[in-house]
Amino acid sequence: MTQHDAMYIDGSWRPAAGSGTIEVVNPADGQVIATVPAGSAQDVDAAVRAARAALPGWAATPPAERAAHLAALRDQLAARTAEIAETVTAELGSPLDFSTAVHAGVPLAVCGSYAELAGMYSFEEKIGNSTVLHEPVGVVGAITPWNYPLHQIVAKVAPALAAGCTVVLKPAEDTPLVAQLFAECVDAARIPAGVFNLVTGLGPVAGQELAGHEGVDLVSFTGSTAVGKRIGALAGAAVKRVALELGGKSANVILPSADLPRAVAVGVANVMANSGQTCSAWTRMLVHQDQYAEAVELATAAAAKYVPGERVGPLVSAKQRDRVRGYIEQGIAEGARVVAGGPQAPAGTGFYVTPTVFADVTPEMTIAQEEIFGPVLSILKYEDEDDAARIANGTIYGLAGAVWAGDDAEAVAFARRLDTGQVDINGGRFNPLAPFGGYKQSGIGRELGPHGLTEYLQTKSLQF
């Protein structure tokens, strides 16, 4: 497992400016498995300066050559798939099969997609008597979360590099080891020095310094809405661009004509994936009142299959475990009925939470309004489609969701009523080229595919 006691800046590993360190803990047993440097303002400044120095050369590099570097990076990541999966399992706690398929597999698809896009994207276009140029926005400060650590890195770094930007990455302090492994892959892909830089550190120190640094032109952040607001304020003070992928409280709307057993089973699986630590998880299941009792029974049976330590891993930290249990206790206190799981700790060590399903949840309850970020599902009933749309849209979030119906056309008609950035229709598959991002307080901007590339471009028009 990769571990460096240094920062990757300007194409080499160099000691941190200070002596502080961050402990990396295995959430399955609570044991410290590594330490990494706690980056300071000096480290961030050095990384930003390296990125600024490398920017003119990288921006002028032909798109086809940038594409070749991204293809090489994808190949380096593919060659280390097993190591990536083991690293994510060690620092995040994800079961190894999920780490292999999702945490290691999805970034390969995303990186490969940008290798293709970089070589075929039209960076110039004609509009009337104007030539419009799509140019790199500049130096990108990328601040990534711990829940999908490598995917979120690739979803920011790959399009930024494809666009001709240079990058300084500050990964989440809980999962820095896979970020160091990624930096090794960047180095092995022979991406020029300074184009990509890595600073490990704490959010209030290194993250805040990066967001506010005058040498950063765009801040791309994924994380909580509260922190996103703070980053937006820092960026706004300097009139710099932001891309914010924030929280969610997504609704899984099951219409009366749907295949109820399938919709419920897939809905429960969606909430339990990655131990519920997914911003786009369908944590509110909306069922017609006439089918409610059956849906609750189906969800209760489905949840029983998700055994902690087997199909469900621990939460990332003791803090996160306690936070999620607190929400479960609050749901009980507000009158929701536990039909699976509960606040009690599973047997054994580690930061586990028992997968939990609530029935008799009403829209105003805390567990129906706030992002819990754990394996907790709330089932709500609705009277008709107008009521379902009102409930589904009745939070500050609008990141994702799902609609199930007897045919796709009926589901699409309802999906058009949802104030959310992405909706899965009757169990639609993940598409790494589709834009991902939210409405309302779920964020600003989009990631993935060509829409994700445009986040890192600015336009210039030449009139003739």
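The paragraphs below go from the sheet to its helices and then to the pockets. The model is predicted.

Seven strands form an open sheet with mixed pairing, in the order β14-β15-β16-β13-β12-β17-β18. Because β14 (337-340) and β18 (424-425) each have a single partner strand, they stand at the edges, and one side of each has no neighbour in the sheet.

Helix α11 (residues 318-333) lies across β14, β15 and β16, at about 20° to β15.

The largest pocket has a volume of about 1,100 Å³. It is lined by 39 residues, of which W146, F221, G223, S224 and V227 are the closest to its centre. Two or more lining residues come from each of α7 (203-212), β10 (218-222), α8 (225-237) and α11, and α8 gives the most, with seven. By class, the lining of this pocket has 16 nonpolar, 13 polar and ten charged residues.

The second largest pocket holds about 800 Å³ of space. Among its 31 lining residues, Y148, N270, T278, S280 and F430 are the closest to the centre. Helices α4 (96-120), α5 (149-163) and α9, together with strand β18, each supply at least two residues of this lining. The lining is made up of 17 nonpolar, ten polar and four charged residues.

How values were computed
Residues numbered from 1 in each chain as written. Predicted model: local features only at pLDDT ≥ 70, side-chain atom pairs only at ≥ 80, totals over all residues. Heavy atoms only, no water. Pairing = 2+ DSSP bridges. Helix = DSSP H or I, 4+ residues; strand = E, 2+ residues; numbered from the N terminus. Contact = heavy atoms within 4.5 Å. Axes fitted to C-alpha atoms, helices over the stretch in contact; angles between N-to-C directions. 1 Å grid on protein atoms, 1.4 Å probe; cavity = no way out; pocket = protein on both sides within 12 Å on 5 of 7 lines; lining within 4 Å. Points joined across faces, edges and corners; volume = space filled by probe spheres on them. Nonpolar A, V, L, I, M, F, W, Y, C, P; charged D, E, K, R; others polar.
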